[in-house]
Amino acid sequence: MSGRADRRVRRLGRRWERPSREGGASVTEEAEERLDRYAELLRDSPINLVSRGARASVRERHIVESRAVVEHLNPRPDSSWLDLGTGGGLPGIVLAIERPDVEVVLADARAKKVREVERFCAVLGVANAAVRCGRAEQLARDPELRGRFDGVLVRALGTLPVVAELARGFVGPGGEIVAVKGPGVDAELEAGRSAADMLGLDIESVEEVADAATVVRLVRFRAVGAPPATTPRADGVPQRHPLA
Ligand SMILES: C[S@@+](CC[C@H](N)C(=O)[O-])C[C@H]1O[C@@H](n2cnc3c(N)ncnc32)[C@H](O)[C@@H]1O
């Protein structure tokens with residue numbers, strides 16, 4: 001899908017700016033409308049995709065945070081990103097809406113959630129996202145997915161060692177894994193570094209995201225080579241026995 005770069009997007013310094021369409025709504029207005037609609041879909045879904053308590057404030061709690069993450073991440077145009085453990089599509093659907101020039105794959109182990117995310121993408125007309133169902137431990141062995149992404153974005157999938165192991169198979173040399181974490185991430189960093197060493201990853205940075213309603217930190221891992229052949233371990237093992 002990298003060939004489907006949105007020609008409306010042009011480079012301005014390090015950031016990318018979407019010019020308005022002539023005679024029509026700007027891409028930003030369009031994105032705004034889609035994000036509002038996405039918040040409604042999440043709130044009204046018959047599946048519990050966000051906690052009951054957060055339903056009334058989906059826009060403020062989840063969309064605003066995901067948007068701030070996407071803005072901070074500012075992925076390279078034409079790059080391909082995997083949202084692993086996407087649940088109801090967070091933050092991957094927001095990434096796909098905000099950045100039509102980026103290819104996004106949304107993956108989750110739960111078929112019910114994946115079907116719902118497929119429905120959301122269809123209703124929202126999100127053309128640059130594809131959806132895959134399966135456990136990371138299995139999907140990372142699929143030759144079509146192994147080592148093929150520029151980056152993996154992960155929110156609320158587990159501790160840093162779990163995230164690093166589940167995501168590692170999807171990125172080759174130079175690829176990145178970005179974990180969206182909260183203020184408590186410092187307590188996971190030592191274990192995260194130790195797991196990273198075993199997986200051929202470096203923790204490159206821990207970055208504070210501006211403009212999120214709550215404290216959000218991004219932990220950025222960089223792959224220093226191909227994924228180890230034995231990574232990830234069998235289904236459930238990364239969560240039950242995290243690398244440390
Ligand atoms: C707490 S939810 C987070 C969902 C979403 N990222 C968010 O921020 O709202 C974690 C999701 O990860 C999925 N998941 C858990 N283990 C997984 C695995 N091994 N492979 C793929 N998905 C997994 C679950 O099905 C669930 O939808």
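## Contacts around Gly 85

Two residues are in contact here if their C-beta atoms, placed from the backbone, lie within 7 Å. In this predicted model, Gly 85 touches Asp 108, Val 154 and Leu 157, leaving out residues up to four places away in sequence. Gly 85 belongs to the loop between β3 (80-84) and α3 (92-98). Gly 85 counts as buried because 25 other C-beta atoms lie within 10 Å.

Let's turn to the annotation. An unreviewed UniProt entry lists Gly 85, Leu 90, Ala 136, Glu 137 and Arg 155 under "binding site".

Beyond residues up to four places away in sequence, Glu 137 touches Pro 232, Ala 234 and Asp 235. With 20 other C-beta atoms within 10 Å, Glu 137 is buried; the cut-off for that label is 20 or more.

## Ala 167 in helix α6

Another residue to look at is Ala 167, found in helix α6 (residues 160-168). Ala 167 has 32 other C-beta atoms within 10 Å, so this residue is buried. Its contacts, apart from neighbours within four places in sequence, are Leu 84, Val 152, Val 154 and Ile 177. Val 154 is one of the residues that Gly 85 touches, too.

Ala 167 and Leu 82 are 85 residues apart in sequence, and their C-alpha atoms are 9.0 Å apart in space.

How values were computed. Residues are numbered from 1 along each chain as its sequence is written. This is a predicted model: local features need pLDDT of at least 70, side-chain atom pairs count only at pLDDT 80 or more; totals for chains, interfaces and linings use all residues. UniProt positions are given in the numbering used here, feature names are shortened, and annotations may be inferred rather than shown by experiment. Helices (H or I, at least four residues) and strands (E, at least two) are DSSP runs, numbered from the N terminus. A residue is buried if 20 or more other C-beta atoms lie within 10 Å of its own, exposed if 12 or fewer, and partly exposed in between; C-beta atoms are placed from the backbone.
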